[in-house]
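Colleague: I'm new to this one and would like to learn how to read it. Could you walk me through it, feature by feature?

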Amino acid sequence: ISATFTPYYNAAGQIEGLVVVLQDITEQKKLDDMRKEFVANVSHELRTPLTTVKSYTETLMDGAMDDKEIAMEFLGIIDSEADRMAFLVRDLLQLSRFDNKQVLLDITDIEMNEFLYLTVKQNKIHAEGKHQQLSFESYEKDVVIHGDRDRVGQVVNNIVTNAMKYSLEQASIKIYITEDDIYYKISVKDTGMGIAREDLPRIFERFYRVDKARSRAMGGTGLGLAIAKEIMESHGGKLTAESEYGKGTTMTMWFPKKPPELPCKEV
Ligand code: ADP
């Protein structure tokens with residue numbers, strides 16, 4: 001709370017009273033802190049790969065160039081660090097477009113049984129590489145949602161990729177559809193490491209990772225779920241998570257059955 005004191009005077013110039021203004025600045029301070037933390041995070045996430053690029057380049061220039069095998073290895077590292085920076089910038093730009101309400105959706109009817117069947121087919125090869133079972137149980141009836149195919153695909157892929165990343169070999173990842181009166185719900189359930197109760201509400205925050213080093217090593221930017229949440233909200237829906245630490249996680253995408261007013265592209 002901030003307080004300002006202003007005295008007021010009578011005709012004779014004597015102080016007659018004091019005006020005290022009390023202001024609750026907690027909300028403002030919270031926003032300010034969040035902004036500062038975000039800038040610190042962006043700087044850190046960019047500086048880490050830059051430092052690596054710089055040191056490998058210097059080592060190459062200092063003579064490592066002469067050994068072709070080592071040179072190729074170092075160039076490979078530089079290349080992947082450059083990719084990492086590019087992914088980060090791509091994700092930051094997408095978030096900033098949501099922040100500035102510049103995202104226009106290309107809305108069509110999407111039949112989710114067909115859409116999820118295709119998504120699973122595309123991701124199967126990655127799951128098999130980790131000996132994980134990825135499956136989709138088709139729903140008993142047609143499920144048509146109103147959405148932007150590319151963006152909805154981005155959310156599903158992000159959640160499925162996370163399910164694979166944060167689960168060990170042999171894990172099972174199941175995708176299924178349910179519904180209530182208002183929403184169609186698409187869930188991705190994994191038997192992976194799970195998320196502790198205190199971390200769960202924070203995973204949608206920008207750059208929040210339960211295990212920073214581990215997640216970074218797996219190539220994520222820490223922005224995937226923040227973007228996925230924005231995409232779901234821009235579709236008039238939401239994204240939720242349930243989890244039991246050590247047992248597994250279920251992420252659910254909620255799509256309103258009734259087509260909402262959406263920021264569409266002009267046709
Ligand atoms: P990242 O690029 O780090 O994967 P995300 O925004 O996609 O970033 O996810 C944020 C964090 O949430 C991850 O770092 C991870 O700690 C946690 N997380 C997301 N999905 C799962 C999951 N299926 N199981 C366990 N932890 C998860």
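Modeller: Start with the backbone at G236, which sits just after α6 and takes a positive phi of about 75 degrees. Helices here are DSSP runs of H or I with at least four residues, strands are E runs of at least two, and both are numbered from the N terminus. Bear in mind that this is a predicted model, where local features need pLDDT of at least 70, side-chain atom pairs count only at pLDDT 80 or more, and totals for chains, interfaces and linings use all residues. Residues are numbered from 1 along each chain as its sequence is written, and side-chain values use heavy atoms, with hydrogens and water left out.

Colleague: How many residues of helix α6 are buried?

Modeller: Buried means under 20% relative accessible area, exposed means over 50%, and partly exposed is in between (1.4 Å probe, protein chains only). Helix α6 spans residues 224-234, and eight of its 11 residues are buried; among them are L225, I227 and M232.

Colleague: Which residues of the largest nonpolar core touch the most other members?

Modeller: In soluble globular proteins, nonpolar side chains tend to be buried together. A nonpolar core is a set of buried Ala, Val, Leu, Ile, Met, Phe, Trp, Tyr and Cys residues joined through side-chain atoms within 4.5 Å. The largest one has 49 residues, and M112, V152, I175, L239 and M253 touch the most other members. Helix α4 gives the largest share of this core, seven residues.

Colleague: And which aromatic pair involves Y56?

Modeller: Rings of Phe, Tyr and Trp (its six-membered ring) pair if their centres lie within 6.5 Å; planes under 30 degrees apart are stacked, over 60 edge-to-face, and the rest tilted. The count comes to three aromatic pairs. Y56 pairs edge-to-face with F74, at 4.7 Å centre to centre and 80 degrees between the planes. Y56 lies in helix α1 (residues 26-61) and F74 in helix α2, so the pair ties together parts 18 residues apart in sequence. Y56 is partly exposed at 24%, whereas F74 is buried at 15%.

Colleague: Which residues are closest to the ligand?

Modeller: A residue is near a molecule or strand if one of its heavy atoms lies within 4 Å of it. By that rule 20 residues surround the ligand, and the closest are N162, Y166, D190, G222 and L225.
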